[in-house]
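I opened this entry to record what I looked up, starting with the ligand surroundings. The overall fold comes after.

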Amino acid sequence: MNKIDKKLIDKSLSNKKNNKKLLTKITLKNKKKIDQIFEIEHQKEFENRDCLECANCCKTTSPIFRDKDIKRISSFLKIKERELINDLLFLDKENDYVLKNSPCSFLNHDNTCIIYNVRPLACKEYPHTNRKKMHQIIDLTLENSTICPAVSNIISNILN
Ligand code: SF4
Ligand code: SF4
């Protein structure tokens, strides 16, 4: 991760409490418009961002692997679903399959993903800043702002 992105993450970590207060206020005030507000900032952010220079999400967190993901990935790898589960995954407190280790075992040294075309839906949708009903995932978004520099920037632009 470059220095600018590192600073964005540090800023989100130190402002987490205040950001939560401000973002909750803005969200409650603009419940109907909040998805559009995030969508605009998301588009602006990712137009100028190359995730291959970062991959902090793949290095530090785990996506959820749904049954459909496990099926698709194991078929692509030509291994049994049970083998994929036993080797790489475990059931977390919410009873979701997540990675045993980080960085993700499918991450290459150049930050590309070995299973990119069949990756879990959660990877495809990360960092979830262009979703519908953003007001329901404000806490998750704030959490992601301490992992993903793009989310940190998106929140900062919305708050300013
Ligand atoms: S989604 Fe965020 S954390 Fe993941 S690679 Fe892109 S900028 Fe980095
Ligand atoms: S499956 Fe691919 S995109 Fe998803 S966390 Fe692993 S390396 Fe990243």
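I began with ligand 2. C58, P63, C104, F106, L107, C113, I115, R119, P120 and C123 surround ligand 2 (near means a C-beta atom, placed from the backbone, within 6 Å). I sorted this shell by class: nine nonpolar, no polar and one charged. Here Ala, Val, Leu, Ile, Met, Phe, Trp, Tyr, Cys and Pro are nonpolar, Asp, Glu, Lys and Arg charged, and the others, Gly among them, polar.

The model is predicted: local features need pLDDT of at least 70, side-chain atom pairs count only at pLDDT 80 or more, and totals for chains, interfaces and linings use all residues. Residues are numbered from 1 along each chain as its sequence is written, chains are lettered from A and ligands numbered from 1 in the order in which they are written.

Next I took ligand 1. Around ligand 1 I listed R49, C51, C54, A55, N56, C57, Y126, P127, I147, C148, P149 and A150. Elements α4 (56-60) and α9 (149-159) each give two or more residues to that shell. Its classes are 10 nonpolar, one polar and one charged.

Then the fold. I found nine helices and two strands (DSSP runs numbered from the N terminus: helices H or I, at least four residues; strands E, at least two). From the N terminus the order is α-α-α-α-α-α-β-β-α-α-α.

I checked the extent last. The C-alpha atoms fill a box of roughly 50 × 30 × 25 Å along the principal axes. Buried residues are 22% of the 160 (buried: 20 or more other C-beta atoms, placed from the backbone, within 10 Å of the residue's own).

Technical notes: A residue is buried if 20 or more other C-beta atoms lie within 10 Å of its own, exposed if 12 or fewer, and partly exposed in between; C-beta atoms are placed from the backbone.
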